[in-house]
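This report describes one protein model, from its contacts and fold to the surroundings of its ligand. The sequence and structure come first.

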Amino acid sequence: MNSQTTFASHFEWLGGEARVLALAERCGHPRLRGRHLPFKVGVLERDQWVACMDQAMGETGVPDDLRRQLRDSFFKTADFMRNQEG
Ligand code: HEM
């Protein structure tokens with residue numbers, strides 16, 4: 001998946017269900033969890049991933065309200081990506 005498509009996935013994920021469906025039509029269903037199965041994603045990896053996104057949002061000046069909202073959304077999806085207990 002190239003970076004443009006990766007950007008599009010994030011953009012469309014943030015835009016809600018209708019946009020995710022539009023993405024699915026263009027590129028096939030994202031199947032994000034399945035694509036992460038070759039990699040160990042546990043609590044540590046989830047939390048580090050969310051911390052990196054949060055740091056990036058801080059460095060790029062995302063306003064606090066939006067940052068909190070996005071951190072929650074990122075956490076939920078990152079937790080869904082988890083494929084190990086620990
Ligand atoms: C909101 C949660 C997440 C989103 C939206 C997300 C999204 C993506 C996307 C779009 C890709 C591109 C590759 C593909 O789809 O085949 C990818 C790859 C990857 N993600 Fe995630 N991801 C998330 C969480 C995580 C977490 C928690 C980890 C754990 C460290 C992780 C590790 C990886 C790895 C190792 C790759 C492969 C990178 C490569 O091929 O170089 N992701 N992710």
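## Contacts and burial

Of the contacts in the protein with a separation of 6 or more, 56% join residues 24 or more positions apart, two residues being in contact if their C-beta atoms, placed from the backbone, lie within 7 Å. Buried residues account for 2% of the 86 residues in the protein; a residue is buried if 20 or more other C-beta atoms, placed from the backbone, lie within 10 Å of its own, exposed if 12 or fewer, and partly exposed in between.

## Model and confidence

This is a predicted model, in which local features need pLDDT of at least 70 and side-chain atom pairs count only at pLDDT 80 or more, while totals for chains, interfaces and linings use all residues. Residues are numbered from 1 along each chain as its sequence is written.

The mean pLDDT (the predictor's confidence in each residue, from 0 to 100) of the protein is 82, and 65% of its residues reach 70 or more. Where pLDDT is low, the predicted coordinates should not be read in detail.

## Helices

The protein has five helices and zero strands, where helices (H or I, at least four residues) and strands (E, at least two) are DSSP runs numbered from the N terminus. Along the sequence the pattern is α-α-α-α-α.

H4 has 17 residues and reaches 24 Å from its first C-alpha to its last, close to the 24 Å expected at 1.5 Å a residue, the expected span being 1.5 Å times one less than the number of residues. Because the number buried among the 17 residues of H4 is zero, this helix lies largely in the open. Just after H4, Gly61 takes a positive phi of about 75°.

## The ligand shell

The ligand is surrounded by 15 residues, the closest being Arg35, Glu45, Trp49, Thr77 and Ala78; a residue is near a molecule if its C-beta atom, placed from the backbone, lies within 6 Å of it. Helices H1 (3-15), H3 (32-36), H4 (43-59) and H5 (64-80) each supply at least two residues of this shell.

## Met81

Met81 is found in the segment after H5 and counts as partly exposed because it has 17 C-beta neighbours inside 10 Å. Leaving aside neighbours within four places in sequence, Met81 is in contact with Leu32, Arg33, His36 and Val41.
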